[in-house]
Amino acid sequence: MNATIAPGQKLTRPSKILLYTLHLLVIAASCIMIVWITRQTLRNMSFLVDSVYLKFQFWVCLLFLVDIVVEWFYAPKKWKYICTHIFFLLISIPYLNIIDYFHVELSGETLYLLRFVPMIRAGYVLAMVSGALSENAALSMFWVYLIWVTASIYIAALMFFVEEHFINPQVDTFWTALWWAALDMTTVGSNINAMTTTGKTLAVILSGEGLILFPVFTVYITNAVLKTDEEEETKIADRQKSSAAS
């Protein structure tokens, strides 16, 4: 991801290793959180009394903040980095621990949704790192797109299941919620109607995300393929000219 913090910026090998290591640690910690949340969600277990999870998420958020500080340190334009990464700074703050420390009273649904906030950054980092590992622009974009869409559908399905399955007879299992999220992302729509405010909001977000991502992805891949073909044709023409000259 930010081993390419700025276009044209060259980092030393140790710096790149440090940045990629931090990103991989973020991904690993976030995957553990996702598995943890999924396991307890499907068992109808509450996080509100899980002090172990709160401590774990605190250290994960701290890791996110360290990652941001290190990236900021290597960024050539400090203020520009802060302005362009303010969103990721905000979602790296351990809100749950702050709420718990000051004994702020919030509804169980709000607390549950707050637990997904760090995963947004995790999904972003995972997509960027996976894309950076590919030298081919089209393939890189494909991985970024695939991971982002998958993460969006999965997290939305978890949220939808928690909010709806007690009051919506159509949402009987998590797999039903996953099917609903996938269909909403593709803008096809599902015969499952959201009954809660959270469910209706998720439906709008997923549909909007699908409307934005699919056309952008199609255009980007088409341009990348055309550019690759043009470069290949140019190389072939140059080789033919060289052969003719010799």
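Modeller: Helices are DSSP runs of H or I with at least four residues, strands are runs of E with at least two, and both are numbered from the N terminus. This is a predicted model, in which local features need pLDDT of at least 70 and side-chain atom pairs count only at pLDDT 80 or more, while totals for chains, interfaces and linings use all residues. Residues are numbered from 1 along each chain as its sequence is written, and side-chain values use heavy atoms, with hydrogens and water left out.

Biologist: How many helices and strands are there in the protein chain?

Modeller: The protein chain has ten helices and zero strands, and its pattern along the sequence reads α-α-α-α-α-α-α-α-α-α.

Biologist: How should I read a nonpolar patch, and which helix gives the largest share of this one?

Modeller: A patch is made of residues with over 30% relative accessible area and no salt bridge, where nonpolar side chains (Val, Leu, Ile, Met, Phe, Trp, Tyr) are joined within 5 Å and like charges within 9 Å. A salt bridge is a side-chain nitrogen of Lys or Arg within 4 Å of a carboxyl oxygen of Asp or Glu, and accessible areas come from the Shrake-Rupley method with a 1.4 Å probe, with only the protein chains shown counting as cover for residues. Here the nonpolar surface patch covers about 970 Å², and among its residues are Trp72, Phe73, Trp79, Phe87 and Leu89. Helices H2 (51-74), H3 (78-84) and H4 (86-90) each supply at least two residues, and H4 gives the largest share, with four.

Biologist: Is Leu89 buried, partly exposed or exposed?

Modeller: Buried means under 20% relative accessible area, exposed means over 50%, and partly exposed lies in between. Leu89, which is in helix H4, is partly exposed because its relative accessibility is 31%. For the protein chain as a whole, buried residues make up 41% of the 246 residues.

Biologist: What is the volume of the largest cavity?

Modeller: The largest cavity has a volume of about 30 Å³, and its lining includes Gln57, Tyr95, Leu114 and Pro118. Helix H5 (95-101) and H7 each supply at least two of the lining residues.

Biologist: How far apart in space are Ala156 and Leu202?

Modeller: Their C-alpha atoms are 6.7 Å apart, although Ala156 and Leu202 are 46 residues apart in sequence. Ala156, found in helix H8, is buried because its relative accessible area is 5%. Thr201, in helix H10, has its C-alpha atom 9.8 Å from that of Phe160, and Thr201 counts as partly exposed because its relative accessibility is 40%.

Conventions:
Buried < 20%, exposed > 50% of the residue type's maximum accessible area, 1.4 Å probe, protein only. 1 Å grid on protein atoms, 1.4 Å probe; cavity = no way out; pocket = protein on both sides within 12 Å on 5 of 7 lines; lining within 4 Å. Points joined across faces, edges and corners; volume = space filled by probe spheres on them.
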